[in-house]
Amino acid sequence: MNNSSRKSIRIYDENHHISDEEIESIILAANKAPSSMNMQPWRYVVIKSKEAKNLLKDALYGNKNQLNTSSAMIVIFNDLNKYSLADKIYTLAYEKGLMPLEVKTKQLSNINKIMQSKNKEKMIRSGLIDCGIAAMNLMNVARDYGYDTCPIGGFNHDKIHDVCNLDKERYYPVMIVSIGKAAEKGYESIRLSFDDVAKII
Ligand SMILES: Cc1cc2nc3c(=O)[nH]c(=O)nc-3n(C[C@H](O)[C@H](O)[C@H](O)COP(=O)(O)O)c2cc1C
């Protein structure tokens, strides 16, 4: 898929149903995104049912077209307790022969030091980078499956945990991605020039 043709789509075919299997395939493919120390801090809550969408309504600022017409609204959270899965990730990597034991031991020891420092700001910042990359990957992968998306930052961060039934302290909200079969072309949007955004030194 040529991802340079991606656009934010805000109106979808409201009769299209996305299966749980498709969602699982899309999320597993999006999971190939890189992340700091391969900690994969992204967590997804897929809001698909009428009841769940109804709950989400009150947490959105605008964005009602996406809510009402999408096949699903995927809420992405940054897991501030991501290191609780470090042992699982590194043990699996070692057992599958993807990582020597010394590297696993060293990485887990480094992670232990980071955990001791309990720097919440750093956890938020690094997780936001990882989750942003994952969100972009999700939007690109969705197109491979014939879907379009819209990233949505317009929602109430204090209300979203109740909608998703998640712990406020542990899960830091990042964004919502609506997904569905496009029923519009999307707006043309301008981009800054090379000189506006880059320099070669
Ligand atoms: C972090 C983030 C938050 C956004 N929030 C919203 C939103 O709340 N509602 C919306 O309609 N579009 C939202 N957008 C989409 C942008 O408006 C859109 O990406 C931009 O105008 C460029 O258009 P394009 O995606 O079609 O290329 C958001 C995009 C990002 C990356």
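Student: What should I know before we start?

Tutor: This is a predicted model, where local features need pLDDT of at least 70 and side-chain atom pairs count only at pLDDT 80 or more, while totals for chains, interfaces and linings use all residues. Residues are numbered from 1 along each chain as its sequence is written, and side-chain values use heavy atoms, with hydrogens and water left out.

Student: How many helices and strands are there, and what makes a stretch count as one?

Tutor: The protein chain has eight helices and four strands. Both are DSSP runs numbered from the N terminus: helices are H or I with at least four residues, strands are E with at least two. Along the sequence the pattern reads α-β-α-α-β-α-α-α-β-α-β-α.

Student: Why is Cys 131 called buried?

Tutor: Buried means under 20% relative accessible area, exposed means over 50%, and partly exposed is in between (1.4 Å probe, protein chains only). Cys 131 has 0% relative accessibility, so it counts as buried. Cys 150 is at 2%, so it is buried too. Of the 201 residues in the protein chain, 41% count as buried.

Student: Why is strand S4 described as largely enclosed?

Tutor: S4 covers residues 171-180, and nine of its ten residues are buried, so the rest of the structure largely encloses it.

Student: How do you know which strands pair with S4?

Tutor: Two strands pair if DSSP finds at least two bridges between them. S2 (residues 72-79) and S4 pair in the antiparallel sense over eight bridges, with Asn 78 opposite Tyr 172. S3 (residues 148-152) and S4 are also antiparallel, over five bridges, and there Ile 152 has Ile 176 as its bridge partner.

Student: What makes a group of residues a nonpolar core?

Tutor: It is a set of buried Ala, Val, Leu, Ile, Met, Phe, Trp, Tyr and Cys residues joined through side-chain atoms within 4.5 Å. The largest one here has 23 residues, and those with the most contacts inside it include Ile 18, Trp 42 and Leu 138. H1 (20-30), S1 (42-47), S2, H6 (120-144) and S4 each supply at least two residues of this core. H6 gives the largest share, seven residues. Apart from this core lies another, of 19 residues, among them Ile 9 and Phe 77.

Student: Why do we say that the buried residues of H1 line one face?

Tutor: They are Ile 23, Ile 26, Ile 27 and Ala 30. Seen down the axis of H1, they fall within an arc of 95° (taken from the directions from the helix axis to the C-beta atoms), so they line one face of the helix. They pack against S1, S2, H6 and S4. On the other side of H1, Glu 21 and Glu 24 are exposed.

Student: What makes Thr 69 buried, and where is it?

Tutor: Thr 69 sits in helix H3 (residues 64-69). Its relative accessibility is 8%, so Thr 69 counts as buried. Contact means heavy atoms within 4.5 Å. Leaving aside neighbours within four places in sequence, Thr 69 is in contact with residues including Arg 10, Tyr 12 and Lys 53.
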